[in-house]
Amino acid sequence: MKGKILIVDDNAAIVEMLQRKLEREEYEVVGCVESTQALGTCRETRPDLLILDILMPGKNGWEILEELKADPATRDIPVIISTVKNRPEDIERGKELQAADHIAKPYVF
């Protein structure tokens with residue numbers, strides 16, 4: 001395996017699609033569709049990378065990212081934000097919150 005990736009997205013179809021694609025590339029993939037469980041799942045699975053949706057019910061991705069970066073146990077995990085909101089201010093906010101990068105939805109493979 002190349003590494004472990006955690007995908008947090010409230011859309012189960014997106015999680016499943018990304019999981020299949022990344023597993024074909026020999027990554028171990030864990031999916032999480034409940035934003036309120038994202039932090040616990042991240043602490044439990046200790047991924048090498050987190051792909052984090054921003055627009056979710058419950059906790060949004062910005063709140064999750066802030067909590068991840070504030071926790072010594074998870075702050076060094078690289079996070080790629082995934083969003084349909086690709087405005088410059090959203091990209092800048094991701095940088096301010098120490099996201100490693102961003103990817104735009106919808107995905108094109």
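This is a predicted model: local features need pLDDT of at least 70, side-chain atom pairs count only at pLDDT 80 or more; totals for chains, interfaces and linings use all residues.
Five strands form an open sheet in the order β2-β1-β3-β4-β5, and their pairing is parallel. At its edges lie β2, spanning residues 28–32, and β5, spanning residues 101–104; each of these strands pairs on one side only. From one strand to the next, the twist averages 20 degrees.

Attention now turns to the helices. Two packed helices are described by the angle between their axes and by the distance between the axes. For helix α2 (residues 38–45) and helix α3 (residues 61–70), the packing angle is about 40 degrees, and the axes are 10 Å apart. Because of this angle, α2 is oblique to α3; roughly parallel would require an angle under 35 degrees. The handedness of the crossing between α2 and α3 is right-handed.

The residues that bring the two helices together can be named as well. On the α2 side, Ala38, Leu39 and Cys42 take part, and they meet Ile64, Glu67 and Leu68 of α3. Sorted by class, the contact of α2 with α3 comprises five nonpolar residues and one charged residue, with no polar ones.

How values were computed: Residues are numbered from 1 along each chain as its sequence is written. Side-chain values use heavy atoms; hydrogens and water are left out. Two strands pair if DSSP finds at least two bridges between them. Helices (H or I, at least four residues) and strands (E, at least two) are DSSP runs, numbered from the N terminus. Axes are lines fitted to C-alpha atoms, for helices over the stretch in contact, and angles run from 0 to 180 degrees between N-to-C directions. Angles under 35 degrees count as roughly parallel, over 145 as roughly antiparallel, 65 to 115 as roughly perpendicular and the rest as oblique. A crossing is left-handed if the near helix is turned anticlockwise from the far one by less than a right angle, and right-handed if clockwise. Contact means heavy atoms within 4.5 Å. Ala, Val, Leu, Ile, Met, Phe, Trp, Tyr, Cys and Pro count as nonpolar, Asp, Glu, Lys and Arg as charged, and the others, Gly among them, as polar.
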